[in-house]
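Please examine the sequence and the structure shown below before reading further. The paragraphs that follow lead through selected features of the model, beginning with a question.

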Amino acid sequence: MPRRLLLATALLAALGAPAFAKAPPAQPRAISARGALSAEEQNNIGVFKRVSPSVVHITTLSVQRDFFSLRTSEQPSGTGTGFVWDEAGHIVTNFHVIQGGDRATVTLADQSSYAARLVGAFPDRDLAVLRIEAPRDKLPAIAVGTSRELQVGQKVYAIGNPFGLDQTLTTGIVSALNREIESVTRRTIKGAIQTDAAINPGNSGGPLLDSAGRLIGVNTAIYSPSGASAGIGFAIPVDEVNRIVPRLIRDGRFVRPALGVTAGAPQLTQTLRAPKGVLLVDVANASPAAAAGLQPYRRDRNGRIVQGDVITAVDAQAVADLDDMLSLLETRQIGEKVTLTVWRAGQTRRVTATLGSSD
């Protein structure tokens, strides 16, 4: 017998244990009973069960050509999340999810996949609408809430496909309201919802929900030096979504009401010591602005600057620059009348203009 085994046998004998005792049979531990799930846990589960069938996974493909053989092939170019808007098969997502793709595929909660076509997009608000041909019973439309009544501290949920992981639920609160984020076109998206619900790459285009499971925003961006969730995410408010999406479905694009003016750069406003607003450097002929009697800044025959108009408010809502005015006009309809507050040479007046089309 090896020396080590002899020593071990002697030690066991000294301790009063048999030299070759059998090990006790392996038995699983008894399961401890638990009480009922908390009300919060039950609500979390309920929201996910109700809403997840309305959440979809979007994959975009781009056509690439081999430099030498000239053969083409489709390569995955992006992935993201969307949700069912209606039983007609309209799917809402972020514009940047489909940007640059030549083709998109939508995978439903039951893992069935459908080719999607682009219905319309509004890059200034990072929104796009796709459509798929799928049975209506597979297209439960998401319940729509309102963002107008949100309060900081409210419970929120995000459902999406972060890093390609299917149907992930994260929870958090409304951290702040009325944030400003930048769209892919560098236009400012105002009124964004800030949340600490974990939003990661792949969550883009997915729904932000309130505790009743209603859509209150579309997750669109994260603030993170590492590219992963750092506790600050942003969503486009649902009131904005509910205003834009029906027009994308109807017209295939968002046609902004317009006045027919060209604005000067903010630096020009400072140089000319004009008040904050939209300083006009051109007014198109036969435009709504021309019909309302607006005049641009210009030079006379001697090269001296002739003061023109600065629009400082639309329907009594102050506008600090062109971006402010465009955001306000987007909430109006073509043919609608608006009251403009106009400054010229130290005098302020109000004029009425009938909005035209930006086309």
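How much space lies in the second largest pocket? About 230 Å³ of space lies there. A pocket is an open set of points on a 1 Å grid over the protein atoms alone, where a 1.4 Å probe fits and protein lies on both sides within 12 Å along at least five of seven lines; lining residues have an atom within 4 Å of a point. The volume is the space filled by probe spheres set on the points, which are joined across faces, edges and corners. The second largest pocket is lined by 15 residues, and Pro266, Thr269, Gly277, Ala320 and Asp321 are the closest to its centre.

The model is predicted: local features need pLDDT of at least 70, side-chain atom pairs count only at pLDDT 80 or more, and totals for chains, interfaces and linings use all residues. Residues are numbered from 1 along each chain as its sequence is written, and side-chain values use heavy atoms, with hydrogens and water left out.

Helix α5 (266-271) and strand β15 (278-283) each give at least two residues to the lining of the second largest pocket, and the largest share, 3 residues, comes from α5. Helices (H or I, at least four residues) and strands (E, at least two) are DSSP runs, numbered from the N terminus. By class, this lining holds 9 nonpolar, 4 polar and 2 charged residues. Here Ala, Val, Leu, Ile, Met, Phe, Trp, Tyr, Cys and Pro count as nonpolar, Asp, Glu, Lys and Arg as charged, and the others, Gly among them, as polar.

The largest pocket contains about 520 Å³ of space. Its lining has 21 residues, of which Asn178, Lys190, Gly191, Pro237 and Glu240 lie nearest the centre. Among the elements that each supply at least two lining residues are β8 (168-182), β9 (188-195) and α4 (238-251). The lining of the largest pocket divides into 7 nonpolar, 6 polar and 8 charged residues.

The protein as a whole has 7 helices and 22 strands. Of its 359 residues, 43% count as buried, a term that means under 20% relative accessible area (1.4 Å probe, protein chains only).

Val97 belongs to helix α3 (residues 95-98), and Val97 counts as buried because its relative accessibility is 5%. Leaving aside residues up to four places away in sequence, Val97 touches Ile58, Thr60, Thr79, Gly80 and Ser204, where contact means heavy atoms within 4.5 Å.

Key. Buried < 20%, exposed > 50% of the residue type's maximum accessible area, 1.4 Å probe, protein only.
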